[in-house]
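I opened this model to see what I could look up in it. My notes follow in the order I made them.

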Amino acid sequence: MDIRSAMPFLVFGSLVGTPALAARGSEIAVLGVHVEGQSDDAARENAERLVHALEKAGSMVPVPPGELRARLAGREPLVIEGAFLGSGRDRLEEGRRLYDRAELEAAIPVLGEAADALTAGLAISPDTKDLVDALVLLGLSHLFSGDGDGASRVLERVAILDPVRELDPVNYPPKAIEFFTEVRQRVLDARRAELFVEMPGDAALFVDDKPSLSTVIELPPGVHHVFVEGADGRRASERIALEEGAQERLKIHMQTASLAKAGSTPVARAEQTERLYASLGRHAATGLLLVAGETPDRAVALQLYEPRTGNFSKTVTAEAGGDPIGSLVDLVPVLAEYVGEQGTLRADRVSSRTVALDVAANPLLASMLLDPEAVVETVTVTRETPWFVWAGVAAVAAGGAATAALLLTREAGGSTDDGQKTSGVIVVGPMPD
């Protein structure tokens, strides 16, 4: 592959708003459909039906799931965290500002909401850092409001989740440090419980965000979060309450990979849909994203999301009938009219509402984000290759939690003089065995 064709992928792939990509504003990402009961094969076929319908409509250029998988390579963890931890992190930052201004009565409910949202996020990511931060601020807000019992209950959770956590004297006053140290010591002095985890042998185990090579773990009494991730992207999470000195056995059942448990109300589902597609939009490098699926009232709906503006379109709906995908396909020509001549969302078709979909009912998208494949590109470069191409490799690595590497080898019989061609392999995503 010529290096010039690799450069947009390496350096400019996520800069949707740049002039270089403005002409591609009519590209639309097809990320599968949110319909219950799809097999993996059916999910792929359903996405293909929508791709064909969009091609026939003509006003948008569909980007199929296979190409999107390559565009998202290395950024899958960022998409997941943005979608399912973002609301908790937003509330945490709001609560932190209120705490810093000593508006404790206002900070307590906001930090409580942050802790609840971040706790729910542990079902999709084992990361407890933000949760612990929220609990520290919530506990201290209770303490400085005169509620010592409330402070003790919250800060015990901190010591249980992170037994080595300490409050540094630079950021916290002596009263806070003394109180937390006493709470933490009570937790550490309690007789530990023993947890036996039964799980598939090829899966990775995390307990309270800490990886464990052993399936027998000693833990302080209290509520703990167990997270298991299979090699195929399937995930399972459990919360377990351990009594002092108890011995408990936990059997993990690996379910079909899904992004998250769907919200229990239409409002909660709409919020999940909004955050998921907003997070996808930051990394998919397309002008539009197609939002498609079945609603809680058994209708089907199509909607557009435009990352450049952060706007969703109005929704087009129909009865699901016996063929929900066919009903969605029939709606595509109507949705195509929502796109203007410049390939952007028409101003008179913008909506403040997001369709309520089941984020757990899209196996194609779940596979794309939870079971990423390595993307390997072989390029020919010279010693004079511009610095920003090499910087692009570093940007890919920095932009996602996956591995990125550029492996260079000299051509046989070549020299190291300027202009010498060199073969390179760019690996984005999980490194191959």
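**Aromatic pairs**

I began with F312, which is buried at a relative accessible area of 5%. Buried means under 20% relative accessible area, exposed over 50%, and partly exposed in between (1.4 Å probe, protein chains only). This is a predicted model: local features need pLDDT of at least 70, side-chain atom pairs count only at pLDDT 80 or more, and totals for chains, interfaces and linings use all residues. Residues are numbered from 1 along each chain as its sequence is written, and side-chain values use heavy atoms, with hydrogens and water left out.

I searched the whole structure for aromatic pairs and got 2. Rings of Phe, Tyr and Trp (its six-membered ring) pair if their centres lie within 6.5 Å; planes under 30 degrees apart count as stacked, over 60 as edge-to-face and the rest as tilted.

How far apart are the ring centres of F206 and F227? They are 6.2 Å apart, and the planes stand at 65°, so this pair is edge-to-face. F206 sits in strand β4 (residues 204-207) and F227 in strand β7, so the pair ties together parts 21 residues apart in sequence. Helices (H or I, at least four residues) and strands (E, at least two) are DSSP runs, numbered from the N terminus. F227 has 3% relative accessibility, so I noted it as buried.

Then I took Y305 and F312. Their ring centres are 4.6 Å apart and their planes are at 40°, so the pair is tilted. Y305 is buried, with a relative accessible area of 6%.

**A loop residue**

Is S352 buried or exposed? S352 is exposed, at 77% relative accessibility. I found S352 in the loop between β14 (350-351) and α13 (363-370). Its C-alpha atom is 7.8 Å from that of N311, though the two residues are 41 apart along the chain.

**Helix α7**

Next I looked at helix α7 (residues 104-121). It has 18 residues and reaches 25 Å from first C-alpha to last, close to the 26 Å expected at 1.5 Å a residue. The expected span is 1.5 Å times one less than the number of residues.

I listed buried residues of α7, among them L104, V110, L111, L118 and T119. Its buried residues pack against α5 (76-84), α6 (86-100), α8 (129-144), α9 (148-161), β7 (222-229) and β8 (235-242).

I picked out T119 in this helix. T119 has 12% relative accessibility, so it counts as buried. Which residues does T119 touch, not counting those up to four places away in sequence? I found L131, R157, H225 and R239. Contact means heavy atoms within 4.5 Å.

**Strand β6**

Strand β6 (residues 216-219) has a covered face, I217 and L219, and an uncovered one, V216 and E218. Strand β3 (residues 193-198) pairs with β6 in the antiparallel sense over 4 bridges. Two strands pair if DSSP finds at least two bridges between them. I noted E218 in β6 as the bridge partner of E194.

**The whole protein**

I counted 14 helices and 17 strands in the protein. Buried residues make up 49% of its 433 residues.

Last, I checked confidence. The mean pLDDT is 82, and 79% of residues reach 70 or more. pLDDT is the predictor's confidence in each residue, from 0 to 100. Over residues 393-419 the pLDDT is below 50, and this stretch has 55 contacts in the model beyond near neighbours in sequence. Where pLDDT is low, the predicted coordinates should not be read in detail.
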